[in-house]
Amino acid sequence: MNAAPAVEARRLSRHFGAFRAVDAVSFQVPRGEVFGFLGSNGAGKTTTIRMLCGLLAPTSGSAAVAGFDVATQAAEIKRHVGYMSQRFSLYTDLTVEENLRFWGAAYGLHGARAAARRAWALDMADLEAHRRTLTRELPGGLRQRLALGTALLHEPPVVFLDEPTGGVDPAARRRFWDVIEQLSTQGTTVFVTTHSMDEAERCHRLALMHAGRLVALDTPPRLKASFGDGLVVEVRPQRPAAAVLAAVEQAPGVADAALFGDALHVVLTTPEAAARVREALAGCGEDGAELRAASPTLEDVFVRTIATARTGNKTLGQPA
Amino acid sequence: MIRRTLAVAMKEFMQLRRDWRTALALLGMPTVLLLIYGFALSFDVRHVRLAVVDLDGSRAAREVERAFVRSGFFDLVHRGADSRAIDPLLDSGRAQAALVVPGGFASALAAGRPGSLQFVLDGSDSQMATTVLAYARQIAAAVAPAGEVAPAVAPATPLVWFNPDLASSRFLVPGLVAFILMVTTVIASALAVVREKERGSWESLRATPLVALELLAGKTLPYLVLAAAAAAGSLALAWALFGVPLRGSLLWLALVTLLFLLGGLGWGVFISSIADSQQVAFQAALFSTMLPTLLLSGFIFPISSMPAAIQAITHIVPARYYLAALRGIVLKGTGPEVWGMEMLALGVFAAAVLGVAAVRTMRSL
């Protein structure tokens, strides 16, 4: 195998009328990477994925997946890419086995290879015992693994998973991610969207989209390191934390404050603002509240990145 | 290509097997509808309420009366010797027709002169009046060969829609078969594709190497088989219950029916390429098939008596061609030399809608 990236987007754009769903997005995903794609709903994640799967033509820019151009080689892309869409899209009125048979055939598998791949999917998804179960009767976690299994039947080098763990319980989520990591070690490139920060932590690299643009792209540790020191503090008041939330939020220099169990997670604009937080606490009789430095979470990074991107966009939008 | 098409067809069959309601509706509905409408829909008039006014009082007059009752078309509701009874009877609707045997009827017959009978009809239902008058003429001619029925139909323009001597079910049932097949195939195929869009499986299908042709052919194949079975069942039922004969070739009948069904399936797929929800698809399928097939195919109203503009529209109603060929084959036993153009038109329609549907689906794929 050559060193060409599994996925490469070059100023990839898709406009719907005047709306720029995806706006000049560029990135590269090396082979075998678990690439996390984050952003709020409507940020352009699904549109990007649909273009990369050959389902939607780009308005401008280009992209290559597994070495094939998405605009001109859509048929090849479909043979070399697995896609698990946001909605559960297997046939719920077919059994597990019937679904595997159909999707295998749809991907052009037949004979011994099809049978071997079905056996692999049943084993991977732990569905041996449920072969003849109607898909609608499967619990959510098993359904998602079956969907993943069908997306991988044709052994694609690249697989796109659009919010694969929506509505799945934490234990099933964890097992799902074990499968993802296993795929990655075997050389499959996994492109995955999620809203869960726990899941984001398990990705090798993360891309954050906002309003159609790519606003951050790095490994989880480096994203957190980029946040700056002394900007996150944890406050433990004597009273329930909710009682002082409003006072802390309004203190000057506080960018964001959120309840975290019996503590407050506070993001500051400058390290010196910690003193303002103490004053605010004293102001509501919480002199004895514990205040200590904390490390930023990925969520802190994304909230701030998006806030910066918003103001940046506003500046851009103003007439020069 | 063929393997993948069959895979799609197999999948569709398995889903149909589980969704037995849809399969049953597709197979059973034509039969049920044919039974219901086949018996209800008839231009044959029976149980006409008849009043008899016998001013002659002769044996010959009673014979005429008996002939009318025995014919099975009339129910005697009044019998008298006063012609003034007729008006209130007809006005109130208690009688729909009145037979008046004038005085001197028997003696005229005995003298070898034509005896005249008067037949008074409620003409508000012009179609029924026309039919009844024809019956009356036949009966009177049979009893009193020299007699003459003088019609005194209340003001109404008689509109003769069919030959009353022909049992109307034989004429109507083929139309009914065409109508039912058209509506069910279009609805079935439109829903089959839109269902995938609603469920979200369409997106996943699009992400596979399946091409539009494989997908559409695979999806319509099971419905074609079911619709063909339903068509065979309906035509068999039409033969067994309504005496619709098969005078022509079964092979031609099968071929023409197949072309017609393909057109219906194609139209359904075309609708599904526009509609995004099953509800919209269902309504579009219903509206685009039901009224045109009912009104513009020659099923009930002959095309030749429509205004020219409407006649032009009937050219895009495939049931029009199917009906002409179907009636030709089953009733008259004619061959393709008579309805070859109709068969060609059905083929063109099927090819056109399937082609457009495939192109539209391909574009979205």
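**Stop 1: a loop and a strand in chain A**

Select A:Ala66, which lies in the loop between S4 and S5 of chain A. Helices (H or I, at least four residues) and strands (E, at least two) are DSSP runs, numbered from the N terminus. This is a predicted model, in which local features need pLDDT of at least 70, side-chain atom pairs count only at pLDDT 80 or more, and totals for chains, interfaces and linings use all residues. Residues are numbered from 1 along each chain as its sequence is written, while chains are lettered from A and ligands numbered from 1 in the order in which they are written.

Check the backbone of A:Ala66. Its phi is near 50°, a positive value in a residue other than glycine. Most residues other than glycine have a negative phi. A:Ala66 is partly exposed, with 19 other C-beta atoms within 10 Å. The scale runs as follows: buried means 20 or more other C-beta atoms within 10 Å of the residue's own, exposed means 12 or fewer, and partly exposed is in between, with C-beta atoms placed from the backbone.

Now pick A:Ala24. Its phi is also positive, about 50°, and it is not a glycine. A:Ala24 sits in strand S2 of chain A. It is partly exposed, with 15 other C-beta atoms within 10 Å.

**Stop 2: the sheet around them**

Which order do the strands of the open sheet in chain A follow? There are four, in the order S2-S1-S4-S5, with antiparallel pairing. Strands pair if DSSP finds at least two bridges between them. At the edges are S2 (19-29) and S5 (68-69) of chain A, each pairing on one side only.

Walk across the sheet from S2(A):

- Seven bridges join S1(A) to S2(A). Select A:Arg14; its bridge partner in S2(A) is A:Val22.
- S1(A) and S2(A) form a hairpin with two residues between them. In the turn, A:Gly17 has a positive phi of about 65°.
- Five bridges join S1(A) to S4(A). Here A:Ser13 stands opposite A:Ser60 in S4(A).
- Two bridges join S4 (residues 60-65) of chain A to S5(A). A:Ala64 stands opposite A:Asp69 in S5(A).

Next, show helix H1 (residues 45-52) of chain A. H1 packs on the sheet, touching S1 (7-16), S2 and S4 of chain A. Its direction makes about 115° with that of S1(A). Axes here are lines fitted to C-alpha atoms, for helices over the stretch in contact, and angles run from 0 to 180 degrees between N-to-C directions. Contact means that two residues have C-beta atoms, placed from the backbone, within 7 Å.

**Stop 3: helix H6 of chain A**

Select residues 170-185 of chain A. This is helix H6, with 16 residues. From first C-alpha to last it reaches 23 Å, close to the 22 Å expected at 1.5 Å a residue. The expected span is 1.5 Å times one less than the number of residues.

Which residues of H6(A) are buried? They are A:Arg173, A:Phe176, A:Trp177 and A:Ile180. These cover an arc of only 95° around the axis, which puts them on the same side of H6(A). The arc is that of the directions from the helix axis to the C-beta atoms. The buried residues pack against S3 (34-38), H5 (140-151), S8 (189-193) and H7 (197-201) of chain A.

Turn to the other side of H6(A). A:Ala171, A:Asp178, A:Gln182 and A:Thr185 are exposed there. After the helix comes A:Gly187, whose phi is positive, near 100°.

**Stop 4: where the chains meet**

Show both chains. 19 residues of chain A are in contact with 19 residues of chain B. On the chain A side, helices H2 (74-80) and H3 (96-106) each give two or more residues. H3(A) gives the most, with four residues.

Color that side by class. It has ten nonpolar, four polar and five charged residues. Ala, Val, Leu, Ile, Met, Phe, Trp, Tyr, Cys and Pro count as nonpolar, Asp, Glu, Lys and Arg as charged, and the others, Gly among them, as polar.

**Stop 5: helix H11 of chain B**

Finish with residues 278-295 of chain B. Helix H11 has 18 residues. The buried ones are B:Ala281, B:Ala284, B:Ala285, B:Thr289, B:Pro292 and B:Thr293. Seen down the axis, they fall within an arc of 110°, so they line one face of H11(B). On the other side, B:Gln279, B:Phe287 and B:Leu291 are exposed.
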